[in-house]
Amino acid sequence: MRQYERGVVFRFGRLRGVREPGLRFMIPLADRMQKVSLRTVTMPIQSQQIITKDNVSIGVAAVAYYRRTDPVKSILEITDVERAVYEIAQTTVRNVVGRSLLDQVLSETETLNESIKEVLDELTSRWGVYVQLVELKDIELPQSMQRAMARQAEAEREKRAKIIAAEGEALSAGKLAEAADVIAAHPVALQLRNLQVLAEIAIEKNSTIVFPAQFLDSARTIARFMHAEYTDGSGLPNGDTVASSSGTSRPSA
């Protein structure tokens, strides 16, 4: 017997015990031995069409890992343990996935794997089999559902982008209001900002810019000066009044 094998011995059809690894002797014609491997078996579960709880048809493939822990039960309790484990695993996958929503199948795969494993382990323990792991390895969605999910994901990303842009605009408006208050309190800051804008534009070196802010200020200053020189403070132009012989002023003709 190899290290990973156990031998179940029958003498005249009756169970005589289990042979451990090593050299073992049997009575010819009287004893018959069946070898049982205790190594872990990898069992792929073929893809099958399953209708979820929300009436969506999907294809689900899985894989299960199990090993025999009781050689006697695996022979006495069932005829073909490998075929039995495969069939019960396929049925359990269909039942567990069919009771779940599509979103749960896609997002809670670990929970479904554990549920399938618990059900299989409970059912196969009577056969001397221990299920170590069950994994849903392939979930196939219909093309229409894939397109709908893609549109939903795109709409969700656009919503987040618009929310972030709106929050940025709100923060920007607040900062601009604060900057306007500072510039209103310090008019020189506006001139410094103008110079900064000119420096940023001049980096490109591909345009000629006329910035009339200083020219307009100078024009307003000249206008105020001419108005002060033209009037004498009474609101009448200089030279528009003449003195009369009686010492009173009258408008000239």
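In the protein chain of this predicted model, confidence is highest in strand β5 (residues 57-68), at a mean of 92, and lowest in strand β7 (residues 241-243), at 44. The score behind these values is pLDDT, the predictor's confidence in each residue on a scale from 0 to 100. Across the protein chain the mean pLDDT is 81, and 83% of the residues reach 70 or more. Over residues 240-253 pLDDT stays under 50, and for this stretch the model has ten contacts beyond four places in sequence, a contact being heavy atoms within 4.5 Å.

Residues are numbered from 1 along each chain as its sequence is written, and side-chain values use heavy atoms, with hydrogens and water left out. Local features need pLDDT of at least 70 and side-chain atom pairs count only at pLDDT 80 or more, while totals for chains, interfaces and linings use all residues.

The protein chain contains seven helices and eight strands; these are DSSP runs numbered from the N terminus, with helices being H or I of at least four residues and strands E of at least two. Of the 253 residues, 23% are buried. Buried means under 20% relative accessible area, exposed means over 50%, and partly exposed lies in between (1.4 Å probe, protein chains only).

The axes of α2 (residues 81-98) and α4 (residues 109-124) come within 10 Å and cross at roughly 140°. Such axes are lines fitted to C-alpha atoms, for helices over the stretch in contact, and angles run from 0 to 180 degrees between N-to-C directions. T92, a residue of helix α2, is buried, with a relative accessible area of 5%. Beyond its neighbours within four places in sequence, T92 is in contact with I116, V119, L120 and L123.

Two loop residues complete the picture. F12, in the loop between β1 (5-11) and β2 (14-19), has a positive phi near 55° without being a glycine, and F12 is exposed at 69% relative accessibility. N55, in the loop between β4 (41-51) and β5, is likewise not a glycine and has a positive phi of about 65°; the relative accessible area of N55 is 67%, so N55 is exposed.
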